[in-house]
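Open the model in your viewer and keep the sequence panel beside it. The stops below name what to select and what is found there.

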Amino acid sequence: MIKLENVDKWYGSYHALVAVTETVRSGEVVVICGPSGSGKSTLIRTVNGLDNIDRGSISLNGQAVHAKQTNLNALRAQVGFVFQQFNLFPHMTVLNNLLLAPTTLRKMSRKEAEAHAHGLLGKVGLGHKANVFPGTLSGGQQQRVAIARALMMRPKVMLFDEPTSALDPEMVGGVLQVMKGLAKEGMTMMCVTHEMGFAREVADRVIFMDAGEILERASPHAFFSSPQHPRAKRFLQDVAAH
């Protein structure tokens with residue numbers, strides 16, 4: 001579903017991604033972890049073209065993401081992206097936040113879109129919040145709305161960029177529960193997260209990055225019980241100590 005080959009990315013003189021090669025299979029849940037500044041968010045943002053790359057190639061469902069002839073808007077319609085900040089439109093109700101993309105980009109009828117939206121809001125436990133404004137919701141509720149909004153386009157892939165990092169600890173559980181549900185349904189997912197419990201429980205594979213490189217890739221059991229790379233060992237020791 002996702003294929004990265006020798007991807008390099010610079011910000012000026014800073015080498016943010018270094019010869020990254022990785023494959024994510026359809027239905028696979030991959031968690032990307034590592035210290036701050038390791039390139040995790042940059043990596044996930046290149047997958048749907050939010051960030052450009054300087055060398056290499058990325059394909060999504062067989063389509064070259066960064067090719068000049070690629071229609072990025074059409075490609076992004078296949079990819080749900082959930083950000084650290086919820087990026088909901090504050091002047092629109094929850095329901096209208098969900099309706100905007102499918103009715104304008106997919107030309108879905110309002111009746112069909114509303115039925116789909118109410119179903120998704122029920123799925124994330126917010127069926128009773130359709131007609132309120134985002135500002136009246138807690139951070140955790142807003143993030144669940146953001147996930148429902150991403151699902152409105154019926155994406156083939158969901159990308160999560162630290163979706164719980166802006167939340168108070170008591171709000172994290174509800175968001176992770178929704179993500180676990182998507183994983184059980186077979187959604188292809190790439191998740192940048194510091195939630196090691198989620199990685200251990202839900203991921204098919206864990207990727208560890210530092211300084212723009214993938215240093216280790218392993219099953220959750222192997223990664224958490226016997227990490228191979230010295231930097232990964234130190235990272236997990238720091239997490240455990242914290």
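Select Glu 162, which sits in the loop between strand 7 (157-161) and helix 6 (169-184). Colour strand 7 and helix 6 separately so that the loop joining them stands out. Check the backbone here: phi of Glu 162 is near 50 degrees, a positive value in a residue other than glycine. Most residues other than glycine have a negative phi. Is Glu 162 buried or exposed? Its relative accessibility is 11%, under the 20% cut-off, so Glu 162 counts as buried.

Next, go to Asn 87. This residue lies in the loop between strand 6 (79-82) and helix 3 (94-104). How accessible is Asn 87? Its relative accessibility is 45%, so Asn 87 counts as partly exposed. Partly exposed covers values between the 20% limit for buried and the 50% limit for exposed.

Select residues 2-11, which form strand 1, and residues 14-24, which form strand 2. The two strands pair in the antiparallel sense, over seven bridges. To follow one of these pairings, pick Leu 4 and look across to strand 2, where its bridge partner is Glu 22. The turn of the hairpin has two residues between the strands. Select Gly 12 in this hairpin: its phi is positive, near 65 degrees.

Now clear the selection and show the whole chain, remembering that this is a predicted model. In cartoon view, nine helices and 10 strands can be picked out. The radius of gyration is 18 Å, close to the 18 Å that the globule rule gives for 242 residues, so the chain is as compact as a globular protein of that length. Oriented along the principal axes, the C-alpha atoms fill a box of roughly 55 × 45 × 30 Å.

Colour by accessibility next: 52% of the 242 residues count as buried. The chain exposes about 11100 Å², and carbon and sulfur atoms supply 50% of that area. If you display contacts, take those between residues at least 6 apart in sequence; 65% of them join residues at least 24 apart.

For the last stop, colour the charged side chains. There are 26 positive and 20 negative ones. How far apart are the centres of the two sets? They lie 6 Å apart.

Definitions and conventions. Residues are numbered from 1 along each chain as its sequence is written. This is a predicted model: local features need pLDDT of at least 70, side-chain atom pairs count only at pLDDT 80 or more; totals for chains, interfaces and linings use all residues. Side-chain values use heavy atoms; hydrogens and water are left out. Helices (H or I, at least four residues) and strands (E, at least two) are DSSP runs, numbered from the N terminus. The radius of gyration is taken over C-alpha atoms; the globule rule is 2.2 Å times the number of residues to the power 0.38. Buried means under 20% relative accessible area, exposed over 50%, partly exposed in between (1.4 Å probe, protein chains only). Contact means heavy atoms within 4.5 Å. Accessible areas come from the Shrake-Rupley method with a 1.4 Å probe; for residues, only the protein chains shown count as cover. Lys and Arg count as positive and Asp and Glu as negative; His and the chain ends are not counted. The place of a charge is taken as NZ of Lys, CZ of Arg, CG of Asp or CD of Glu. Two strands pair if DSSP finds at least two bridges between them.
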